[in-house]
Each structure stands twice: as structure tokens, then as C-alpha cells.
Amino acid sequence: MIDCDKARELIPWYVNGTLTGDEAREIASHLAGCPTCREELAQAVRLSWELRAAFERMPAVPERVWEKVKTRAQGISLGRIDVGSFLLGLSLGLSVTRSGNPSFKSDLRLLGRRVALFNSSKGGLK
Amino acid sequence: MPDTHDLLARVARRDARAFRALYKQYADRVFRYALTLLHNRHLAEEVAQETMVAVWKGAGSFSGRSQVSTWIFGIARNQAHTLLRREIKGERRPDEALFLPDPAPAVEREERVLAAVGTLPEEQREIVFLAFYENLSYRAIANLLAIPEGTVKSRMYHAKRRLAEALG
């Protein structure tokens, strides 16, 4: 049986639903017999709602960040074909680099292990 | 919504659509986390950018021993601290715009809550963000921050007390 100090320590994680089953059962059992900790729980629930709503109001990341990420990542794959099974498979990929040059990448899978066949890109995604 | 582990595995195989989907799932969250840590929109953008590029480059190294979110927020945290060290060396001066809300119509209570969060020490702000916005367990937060679980709980305790005082 846990005491009030231990219960109050765990209440925020009870509220966000991340305690283990045993911990959650201990808290629930304590709360059933402790009005003071039930009030603490009610406050924590209110606070968690308010915090979530407030964090949601923080600005979203500007679209320009994606543009920069995309550019930094250089070649974004244009297409990819996978043929085969776990035993034997072939992948062919086409991507374009920051300079606009296309590049090809392929690999063969043997028993699930990848074997590179060829890669025409120079300084592409690595 | 696709499973995040599956998305990351596809990113590791250089699947651009999976990366776009992963970006949509995480970029705002990473940006808000960085904003919570740094109080600077410009630096938070830089953290979001560096983090997502690192995710693209490093997806293949994800071991699967932690949650994807813990891994990504770990990268973001390292990026934020790298930028902070650069600031301390005086290479760039942070602006004073703290917790700028969206230009949507103001909601007074939420702005008060954000303002109250902004008065917490950084170490408490991030615990509050990770617990109540990201729903991470105290164990996951301890792992992410590389601190004892008891320290996570203690920081949360103090943060809650200060927020209760500030918000009445």
C-alpha cells in the first residue's frame, strides 16, 4: 500500500496514462480511501487539460522548414519498385539530387539480407 | 495513421513518402519542444530542421530499443543544447520573443498557462511538456534526459506546485 507522498509523486503519470498496471492499481487503491489525494488528482487532470490546450496553441513549424529539410536531404526518391520475396528480392529506386541530376539505386535481397548492386548517385542521400 | 516504427523503417530504406509522413507527425512537436526549451522561434526552427535531417540520415541506425518519439526527441534535445552552447559562446543572440502564440484569436486562459510555463526553469518546462503534451512515462523521460527517475518525479512535483501558484 502506498502513502500519500508516493501517490502524489505518481499522480501526473497516472493522469497521462503511462504507469504500469501494478502502479496504476496501487494508485487507484490509494485514491479510493484518500479524499486529499483525490483532490490532488482532480487538480492534476485540470492542469493536464490546460497544458495540452496551451501547448497546442504554440505555433506550428513554418512550411519553409520542410523546404530546407527537403533540400538538405538532397535527393528525394521519385519512385521505387520492390519485386520478390524474403528469399530473393530486387529493389530499384530512382531519385533526384539537389542539382537536379537523377540517380539510380538498386539492391538485391538474399534471405532478407541486402546486397547493393549499383548506385549511380554522386553525393546523394547517404 | 501508419505505425511509427514501420514509417521509420521505410525512411531507412529511403522512402520519401514515409519521410514526409514522419515529418508531418513530428515536425510541429519537435518545433514546440524546442520552443519550450529555447524560448526562441528562430532557434526552434533550426532545431526542427536539424532534427528532421538527422532522422532522415540516421533512420537506419534506430535500434528499436526505445520508442521512436523518445529517439527523435533525444536528437532534438541534443540539437537544442548544441545551439544553446553556440549562443553562450556569443555566436548568435537569441531574441526575446517567448512563447509567441499563433495569430489565431487569443484565448486568455491558454496564454496565461503558457506564460506560467514560461516562468518555470528549463528543466521543469521540459518535463511538463514531455509528460503532458507528449504523454511520455517518467521512465521514458528519465531515459531521454539521462537522469534518475526520482529526479523526473521531483521536477514534476516542483513544476506542478509553481504552476498551481501561478494559475490560482
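A residue counts as buried here if 20 or more other C-beta atoms lie within 10 Å of its own. Keep that cut-off in mind for the views below, which all come from a predicted model.

**View 1. The buried face of α5(B).**
In α5(B), the buried residues are V113(B), L114(B), A116(B) and V117(B). Looking down the axis of α5(B), these buried residues fall within an arc of 160°, so they line one face of the helix. What sits over the buried residues of α5(B)? The cover includes α6 and α8 of chain B, and also α3 (35-56) of chain A.

**View 2. Where chain B meets chain A.**
Chain B puts 41 residues into this contact, and chain A puts in 32. On the chain B side, the elements that give two or more residues are α2 (16-38), α3 (41-58), α5 (108-118), α6 (122-132) and α8 (149-167). Sorted by class, that side of chain B has 27 nonpolar, 11 charged and 3 polar residues. For the complex, the predictor gives an ipTM of 0.86 and a pTM of 0.78.

**View 3. Two domains of chain B, side by side.**
Chain B is split into domain 1 (1-100) and domain 2 (102-168). Where the two touch, 14 residues of domain 1 are in contact with 12 residues of domain 2. Both α2 and α4 (68-88) of chain B supply at least two residues to the domain 1 side, and α4(B) gives the most, with 5 residues. By class, the domain 1 side that touches domain 2 has 7 polar, 5 nonpolar and 2 charged residues. As for confidence, the mean pLDDT of chain B is 89, and 88% of its residues reach 70 or more.

**View 4. W71(B) in helix α4.**
W71(B) is found in helix α4 of chain B. Is W71(B) buried or exposed? It has 21 C-beta neighbours inside 10 Å, so W71(B) counts as buried. Setting aside residues up to four places away in sequence, W71(B) touches F62(B) and S66(B). To place it against another part of chain B, take E126(B): W71(B) and E126(B) are 55 residues apart in sequence, and their C-alpha atoms are 16 Å apart in space.

**View 5. Two loop residues with positive phi.**
Most residues other than glycine have a negative phi, and this view picks out two exceptions. H39(B) has a positive phi of about 55° although it is not a glycine, and H39(B) is found in the loop between α2 and α3 of chain B. With 19 C-beta neighbours inside 10 Å, H39(B) counts as partly exposed. The other is A146(B), also not a glycine, with a positive phi near 55°. A146(B) is in the loop between α7 (138-145) and α8 of chain B. Since A146(B) has 8 C-beta neighbours inside 10 Å, A146(B) counts as exposed.

Chain A has 4 helices and 4 strands, and along the sequence they run α-α-α-α-β-β-β-β. Of its 126 residues, 24% count as buried. Among contacts in chain A between residues at least 6 apart in sequence, 33% join residues at least 24 apart. A42(A) lies in helix α3 of chain A. Why does A42(A) count as exposed? Because A42(A) has 10 C-beta neighbours inside 10 Å, and a residue is exposed at 12 or fewer. The C-alpha atom of A42(A) is separated by 9.4 Å from that of V15(A), which is 27 residues away along the chain.

Note on methods
Residues are numbered from 1 along each chain as its sequence is written. Chains are lettered from A and ligands numbered from 1 in the order in which they are written. This is a predicted model: local features need pLDDT of at least 70, side-chain atom pairs count only at pLDDT 80 or more; totals for chains, interfaces and linings use all residues. Two residues are in contact if their C-beta atoms, placed from the backbone, lie within 7 Å. Ala, Val, Leu, Ile, Met, Phe, Trp, Tyr, Cys and Pro count as nonpolar, Asp, Glu, Lys and Arg as charged, and the others, Gly among them, as polar. The arc is that of the directions from the helix axis to the C-beta atoms. Domain bounds come from an automatic or database domain assignment. pLDDT is the predictor's confidence in each residue, from 0 to 100.
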